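Me: I have a structure open and want to talk through its side-chain contacts. Can we start with whatever term you need first?

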Amino acid sequence: MKSVSEAEVRETVLRVLGNVAPEADASSIDPEADLRDQIDLDSVDFLNFVIGLHRELGVDIPDADVPKLRTLRGCVAYLMARARDAVSAG
């Protein structure tokens, strides 16, 4: 994953979420609340969301880390940490 800002990661997360759940209103998402509950995502939708993040950002997301993506804030924090790890390892 190339170096990106937190705002870019957040924008990407919301864009991918909008692709999976086009009826979702990104402006009304509570960053602390479970995305599945807020947007009524089922497990397949959530899996598609995780796959979309992987495709958009080039970040491998192990199954064990998927629970870290439950909230918008969690997604951004996790993806930023992965980006930092990739940069420092690169």
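Reply: A charge sits over a ring if NZ of Lys or CZ of Arg is within 6 Å of the ring centre and within 35 degrees of the ring normal. The model here is a predicted one.

Me: Which charged end sits over the ring of Phe46?
Reply: That of Arg36, at 4.5 Å from the ring centre. Arg36 is partly exposed, with a relative accessible area of 28%, whereas Phe46 is buried at 3%.

Me: Where are Phe46 and Phe49 in the fold?
Reply: Both are in helix α3, which covers residues 43-57. They are three residues apart, about one turn of the helix.

Me: Is Phe49 buried or exposed?
Reply: Buried, at 0% relative accessibility. Phe49 is also one of the residues that touch the most other members of the largest nonpolar core.

Me: How many residues are in that core, and which others touch the most members?
Reply: The largest nonpolar core has 25 residues. Besides Phe49, the ones touching the most other members are Val13, Leu35, Leu53, Ile61, Leu69 and Leu79. Helices α1 (6-20), α2 (35-39), α3 and α4 (72-89) each supply at least two residues of this core. The most come from α4, which gives six.

Me: What is Leu35 in contact with, leaving aside neighbours within four places in sequence?
Reply: Leu17, Ile29, Asp40, Leu41, Phe49, Leu69, Arg70, Thr71, Leu72 and Cys75.

Me: Switching to α1: what span does it reach, and which of its residues are buried?
Reply: α1 has 15 residues and reaches 21 Å from its first C-alpha to its last, close to the 21 Å expected at 1.5 Å a residue. Its buried residues are Val9, Thr12, Val13, Leu14, Val16 and Leu17.

Me: And charges. How many salt bridges does the structure hold?
Reply: Seven. One of them joins the side chains of Arg15 and Glu56, at 2.7 Å from N to O. Arg15 is in helix α1 and Glu56 in helix α3, so this pair ties together parts that are 41 residues apart in sequence.

Me: How accessible are Arg15 and Glu56?
Reply: Arg15 is partly exposed at 37% relative accessible area, and Glu56 counts as partly exposed at 41%.

Me: What does Glu32 pair with?
Reply: Arg73, in a salt bridge with an N to O distance of 2.2 Å. Glu32 lies in the loop between α1 and α2 and Arg73 in helix α4, so the pair ties together parts that are 41 residues apart in sequence. Glu32 counts as partly exposed, at 46% relative accessibility.

Terms used
Residues numbered from 1 in each chain as written. Predicted model: local features only at pLDDT ≥ 70, side-chain atom pairs only at ≥ 80, totals over all residues. Heavy atoms only, no water. Helix = DSSP H or I, 4+ residues; strand = E, 2+ residues; numbered from the N terminus. Buried < 20%, exposed > 50% of the residue type's maximum accessible area, 1.4 Å probe, protein only. Core = buried A, V, L, I, M, F, W, Y, C linked by side-chain atoms within 4.5 Å. Contact = heavy atoms within 4.5 Å. Salt bridge = Lys/Arg side-chain N within 4 Å of Asp/Glu carboxyl O. Expected span 1.5 Å × (residues − 1).
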